[in-house]
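Here are my notes on this model, written as numbered points to read alongside the structure. Please have the coordinates open as you go through them.

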Amino acid sequence: MGFSGISSSIILPTEGIIGIALKMYVVESKGGAIACMLLALFFLGTWPAVMTLLERRGRLPQHTYLDYSITNLLAAVIIAFTFGEIGKSTHEAPNFLTQLSQLSDNWPSVMFAMAGGVVLSLGNLSTQYAWAFVGLSVTEVITASITVVIGTTLNYFLDDKINNAKILFPGVGCFLIAVCLASAVHSSNAADNRAKLNCLSNDDKFQSVATDISTSREAFPEKERRAKFGTAGFLVELENRRAIKVFGKSTIIGLAITFFAGICFSLFSPAFNLASNDQWHTLKIGVPKLVVYTAFFWFSVSCFVLAIILNVTFLYHPVLDLPRSSLKAYINDWNGRGWAFFAGLLCGFGNGLQFMGGQAAGYAAADAVQALPLVSTFWGILLFGEYRKSSRRTYVFLASMLLMFVAAVAVLMASAGHRK
């Protein structure tokens, strides 16, 4: 079976009565780890599309991210109190609540887990702004590729090389090729959009809708979109409706944010790896390592705390020319809140599944979920009309990028080993 489930072992007490000792629910097999990674791939590729949808419909990103952060933490709590509490607690693998009470002993590992949560929170927050400037597909491609090139290499050595290097590093090479193709896609598509907008006058191109903030931020306007996907009229309508205005701004801003996010993403998985496996021997002899569920809980707590601090600050001191908001305005903003909650759950469960698979098969192989741009690009084309009415050159680059990502995820999953 893919999952070990509630594994049982037969015990013969001295009285001769047969008892059954249950151990914690963990993923132990290579097949189960791959199943976790595939499900995580879908979840982690879908939540950015939901967040982008809300921004394009005018909801302030600060409001969206605050809602997202709540359910992202909730997912970690659900995982901890379900999978982390099933079965008998042992010294080597204590249950979640048991290990939670051992903070005075395992705090070095907790610090690694929380450091991972901090860099993930910074990365996720950064990409929320990068999506507006660079686009969903290209942002995800660049950040994923940086994550694989740096993070996967670090995880390979932290995991004592349990992954097949002859398979793993060609997969990393596929991601490097994909990021080059992604850059070509972005450049070609940007040229296509400039050609479309040049057909409009400057007055039409930079027209804005002067509305009250309460109506301009409505996530689901009743008025239907009139312009067709991919037309110059659609680009102008999108600019008028969206929360983050991008016309007249350099895409270098978006690319800088994207590369910063990629570096942050490349560090969170190695930090989590150190938290759950203690490769640097920071724990005292006899202190059990953090089980994946406990590590994920502390990881998510730090992610939540930083997200709240930064986004409350951004309410009153916004960046990128966004309008000023307040806690009262955030609490009263229910437009699209359900979708933001949904995005948080997708991301939370996606991260949890990635870590569960990585603990069994190696975190280097688990980085195969960084092929999430495959999913994000699908949603970008379906929901947002990305690359509609683009040139043949753009389509060739796009198809090549997606094919390279398919090869990359297949090769990284094939490199999966088995942790002893």
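1. Let's begin with aspartate 333, which is buried at 9% relative accessibility; buried means under 20% relative accessible area, exposed over 50%, and partly exposed in between (1.4 Å probe, protein chains only). A salt bridge here is a side-chain nitrogen of Lys or Arg within 4 Å of a carboxyl oxygen of Asp or Glu.

2. A word on the source: this is a predicted model, in which local features need pLDDT of at least 70 and side-chain atom pairs count only at pLDDT 80 or more, while totals for chains, interfaces and linings use all residues. Residues are numbered from 1 along each chain as its sequence is written, and side-chain values use heavy atoms, with hydrogens and water left out.

3. Which residues does arginine 59 pair with? One partner is aspartate 333, with the closest N and O atoms 3.2 Å apart. Arginine 59 lies in the loop between H1 and H2, and aspartate 333 in the loop between helix H12 (327-332) and helix H13 (337-361), so this pair ties together parts that are 274 residues apart in sequence. Another partner is aspartate 67, at 2.8 Å from N to O. Both arginine 59 and aspartate 67 are buried, and arginine 59 has a relative accessible area of 0%. Helices (H or I, at least four residues) and strands (E, at least two) are DSSP runs, numbered from the N terminus.

4. Arginine 337 is worth a look for its aromatic neighbours too. Its charged end sits over the ring of tyrosine 330, 4.8 Å from the centre. The charged end of arginine 337 also sits over the ring of tryptophan 334, 4.5 Å from the centre. The rule for such a contact is that NZ of Lys or CZ of Arg is within 6 Å of the ring centre and within 35 degrees of the ring normal.

5. How many salt bridges are there? The count comes to 4. One of them joins the side chains of arginine 242 and glutamate 55 at 2.9 Å, N to O. This pair links distant parts of the chain, with arginine 242 in the loop between H9 and H10 and glutamate 55 in helix H1 (residues 30-56), 187 residues apart. Both arginine 242 and glutamate 55 are buried.

6. Helix H9 (residues 232-241) is largely enclosed by the rest of the structure, because 8 of its 10 residues are buried. Among those buried residues are Phe234, Leu235, Val236 and Leu238, but also Glu237, Glu239 and Asn240.

7. On to the aromatics: the whole structure holds 18 aromatic pairs. Rings of Phe, Tyr and Trp (its six-membered ring) pair if their centres lie within 6.5 Å; planes under 30 degrees apart count as stacked, over 60 as edge-to-face and the rest as tilted. Tyrosine 65 and tyrosine 68 form a tilted pair, 4.8 Å centre to centre with 45 degrees between the planes. These two tyrosines are 3 residues apart in helix H2 (residues 61-82), so about one helical turn separates them. Tyrosine 65 is buried at 1% relative accessibility, and tyrosine 68 is buried at 1% as well.

8. Phenylalanine 297 and tryptophan 298 make an edge-to-face pair, 5.4 Å centre to centre with 70 degrees between the planes. Phenylalanine 297 is buried at 13% relative accessibility, and tryptophan 298 is buried at 16%. Elsewhere, Phe268, Phe272, Phe296, Phe299 and Phe355 form one aromatic cluster.

9. How many disulfides are there? The search of the whole structure finds 0, a disulfide being a pair of cysteine sulfur atoms within 2.5 Å. Cysteine 36 is buried, with a relative accessible area of 1%, and cysteine 264 is buried, with 6%.

10. Finally, the surface: Ile150, Leu154, Ile263 and Leu267 form a nonpolar patch with about 310 Å² of accessible area together. Helix H5 (136-158) and helix H10 (251-277) are the elements that give two or more residues to this patch. Patches are made of residues with over 30% relative accessible area and no salt bridge, with like charges joined within 9 Å and nonpolar side chains (Val, Leu, Ile, Met, Phe, Trp, Tyr) within 5 Å. Accessible areas come from the Shrake-Rupley method with a 1.4 Å probe, and for residues only the protein chains shown count as cover. Isoleucine 263 is found in helix H10 and is partly exposed at 46% relative accessibility.
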